[in-house]
Amino acid sequence: MKKILILVFLTLFNSFSFAQWELVYNAQQVFVLGSTLSSVYAGTSSGLYKAGSDGASWSLTSLNTTYNPSAFFPAPGYILVGAGSGHGVLKSTNDGVTWSTTSLNNKAVISLWIDQGNSALCFAGTVNNGVYKSTNSGQNWTQTPLNNVTVYSLLMVGSSLMAGCGNNEGIYLSNNEGGAWSNLSLNGNVYALRYVTNNYIAGTGNGIYISSNGSSWTQKSTQYTLALTSVGDSVFAGTQNSGILLSTNRGSNWTSYNTGLNPSIGIGALCRSYYYIIAGGNGSGGNGIFRRNYIFLTVINQISAGIPEKFSLSQNYPNPFNPSTGFEFRVAESGFANLTIYNALGSKVETLLNGPVKAGVYKAEWNASSYPSGVYFYRLNADGFSETKKMMLVK
């Protein structure tokens, strides 16, 4: 009986912890957050801090107040950090233990992007000097023709590179790796960009906008938005003075997500790390680094931490189904994984997982209540492994 009571208590405690934000480090103003498979980083007014993937315990790295780390981006084998202080781009090849300077060493860098398909191709957004480009993993840089604007955010989807700019310049687009640029229809200051399952999402001083093609934009929130991150089809937005907003449908509808936070706090940085969303206060209404477990928002649950012998994807059950079904998948090595649903025409309809995961056994559930009857496919890609299975929705 005592064991049952203890188990119930722990379950309630864990549910309560997962259901609200918790302060994990009382840092000063947080400019940027980013994660690798093993660590999470925070660029603050006191320098670059580092924690384990759960974001629980933080320590200052060798990048101190001299650098004002304001941009962060990881790639296989290295990390880039942008220094808002005017020290350009710094690079680490040992998960942030030591850092080296690059040829871009005299500009204030506040945004970064590394091409997911070619990690040698990098872009850096600067204050008043536009976008710089590197083709050798961030070591040497050249200025692109977009050379006289402040670039707060960068986003690359396929061959399309977007630069979110200040001074009410809106978004510039390049389809040839920064060789030429054109201005899109969205104006204002664009502080954050995200792409989630066929939707472009822009966080601006005028609110949150979404677009299916990058050309035509629709306003979905009026909150001044500084940061965006996502888990599957759920999107989190950090605002200037209204805390955090959440959309569970790719940016179409937004609600407050502030349990445990001062509802008027400014959130200037967001990222996901393992099963946590990490948030950084921007000094408006409070400082600090916060975390919240997002497990109850997603359809992915880890059911075993044991390391499988190989990658695998199981057949869904039940099958046929209406409207929900589930299946397991096994990840033999920690790394990046993608789990996507396609219709019979091969078009992507939903992304269940797109990010780093640790080795283990997971269960995914898919609710197809908003989709018509028919054949669907689900595909797992992870560390060179790829497998696709078929399922049938019958209503």
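Where does P323 lie? I looked this up first, and P323 turned out to sit in the loop between β30 and β31.

**Ground rules.** I am reading a predicted model, where local features need pLDDT of at least 70, side-chain atom pairs count only at pLDDT 80 or more, and totals for chains, interfaces and linings use all residues. Residues are numbered from 1 along each chain as its sequence is written, and side-chain values use heavy atoms, with hydrogens and water left out. For my element names, helices (H or I, at least four residues) and strands (E, at least two) are DSSP runs, numbered from the N terminus.

**Confidence.** I checked pLDDT, the predictor's confidence in each residue, from 0 to 100. The protein averages 90, and 94% of the residues score at least 70. Over residues 1-18, though, pLDDT stays under 50. For that stretch I found five contacts beyond four places in sequence, a contact being heavy atoms within 4.5 Å.

**The prolines.** A cis bond joins N322 and P323, with omega at about -10°. P320 lies in the loop between β30 (312-313) and β31 (324-331), and a cis peptide bond links N319 to P320, with omega about 0°. I noted these because most peptide bonds are trans.

**Two asparagines.** N128 has a phi near 70°, a positive value, and belongs to the loop between β11 (122-126) and β12 (131-134). N198 has a positive phi as well, about 75°, and its loop runs between β18 (190-196) and β19 (199-204).

N128 counts as partly exposed because its relative accessibility is 47%. N198 is partly exposed too, at 34%.

**A lysine in a strand.** My last stop was K389, in strand β36 (residues 385-393). K389 is buried, because its relative accessible area is 19%. What does K389 touch, not counting residues up to four places away in sequence? I listed L313, S314, Q315, Y376, F377 and Y378. The side chains of K389 and E387 are joined by a polar contact of 3.2 Å. Such a contact is a pair of N or O atoms within 3.5 Å; within protein, one must be able to donate a hydrogen and the other to accept it, and residues adjacent in sequence count only if both atoms are side-chain atoms.

How values were computed:
Buried < 20%, exposed > 50% of the residue type's maximum accessible area, 1.4 Å probe, protein only.
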